[in-house]
Amino acid sequence: MIEIILLIIIAVGVKMIYDARSIVEKYFSNSDENKQIRLLKGVGFLVSIVCAIILYFLIRR
């Protein structure tokens with residue numbers, strides 16, 4: 001069960017990376033969009049990597 005939840009979180013992180021520009025334009029103000037886009041991509045990357053590492057060690061045991 002936890003593996004499925006981690007896979008869903010990884011998918012959300014990847015979606016954040018690829019759709020960062022449209023997410024920022026839709027939900028955030030226009031002040032310094034590039035900084036917000038980089039932040040959103042960074043958060044998506046970190047979430048995906050951390051969940052993938054956790055998933056790897058759960059499957060490996």
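Trainee: Which side chain meets that of Asp19 in a salt bridge?
Mentor: The partner of Asp19 is Lys15, with an N to O distance of 2.5 Å. A salt bridge here is a side-chain nitrogen of Lys or Arg within 4 Å of a carboxyl oxygen of Asp or Glu. This is a predicted model, in which local features need pLDDT of at least 70 and side-chain atom pairs count only at pLDDT 80 or more, while totals for chains, interfaces and linings use all residues. Residues are numbered from 1 along each chain as its sequence is written, and side-chain values use heavy atoms, with hydrogens and water left out.

Trainee: Why would such side chains pair?
Mentor: Side chains of opposite charge can pair when their charged atoms come close.

Trainee: Where is Asp32 found?
Mentor: Asp32 is in the loop between H2 and H3. Its backbone deserves a look: Asp32 has a positive phi of about 55°, although it is not a glycine.

Trainee: Why point that out?
Mentor: Most residues other than glycine have a negative phi.

Trainee: Changing topic, how many helices and strands does the chain have?
Mentor: The protein chain has three helices and zero strands, and its pattern along the sequence is α-α-α. The radius of gyration is 14 Å, well over the 10 Å that the globule rule gives for 61 residues, so the chain is more spread out than a compact globule. That radius is taken over C-alpha atoms, and the globule rule is 2.2 Å times the number of residues to the power 0.38. Helices (H or I, at least four residues) and strands (E, at least two) are DSSP runs, numbered from the N terminus.

Trainee: What box do the C-alpha atoms fill?
Mentor: Along the principal axes, the box is roughly 45 × 15 × 15 Å. Of the 61 residues, 20% count as buried.

Trainee: Which residues form the largest nonpolar core?
Mentor: That core has five residues, namely Met16, Ala20, Val24, Ile37 and Leu40. A nonpolar core is a set of buried Ala, Val, Leu, Ile, Met, Phe, Trp, Tyr and Cys residues joined through side-chain atoms within 4.5 Å.

Trainee: What does Val24 touch?
Mentor: Leaving out residues up to four places away in sequence, Val24 touches Glu33, Gln36, Ile37 and Leu40. Contact means heavy atoms within 4.5 Å.

Trainee: And Gly13, is that one buried or exposed?
Mentor: Gly13 is buried, with a relative accessible area of 0%. This glycine is found in helix H1 and touches Gly44 and Ser48, again not counting residues up to four places away in sequence.

Trainee: What about Ser48, buried or exposed?
Mentor: Ser48 counts as buried, at 9% relative accessibility. Ser48 lies in helix H3, and its contacts beyond four places in sequence are Ile10, Gly13 and Val14.

Trainee: How far apart are the C-alpha atoms of Ala52 and Leu7?
Mentor: They are separated by 7.9 Å, although the two residues are 45 residues apart along the chain. Ala52 is also in helix H3 and is partly exposed, with a relative accessible area of 34%.

Trainee: One last topic: which residues form the nonpolar patch on the surface?
Mentor: The patch consists of Met1, Ile2, Ile5, Ile9, Leu39, Val43 and Val47, with about 620 Å² of accessible area together. Helix H1 (2-18) and helix H3 (33-60) each supply at least two of its residues. Patches are made of residues with over 30% relative accessible area and no salt bridge; like charges are joined within 9 Å, and nonpolar side chains (Val, Leu, Ile, Met, Phe, Trp, Tyr) within 5 Å. Accessible areas come from the Shrake-Rupley method with a 1.4 Å probe, and for residues only the protein chains shown count as cover.

Key:
Buried means under 20% relative accessible area, exposed over 50%, partly exposed in between (1.4 Å probe, protein chains only).
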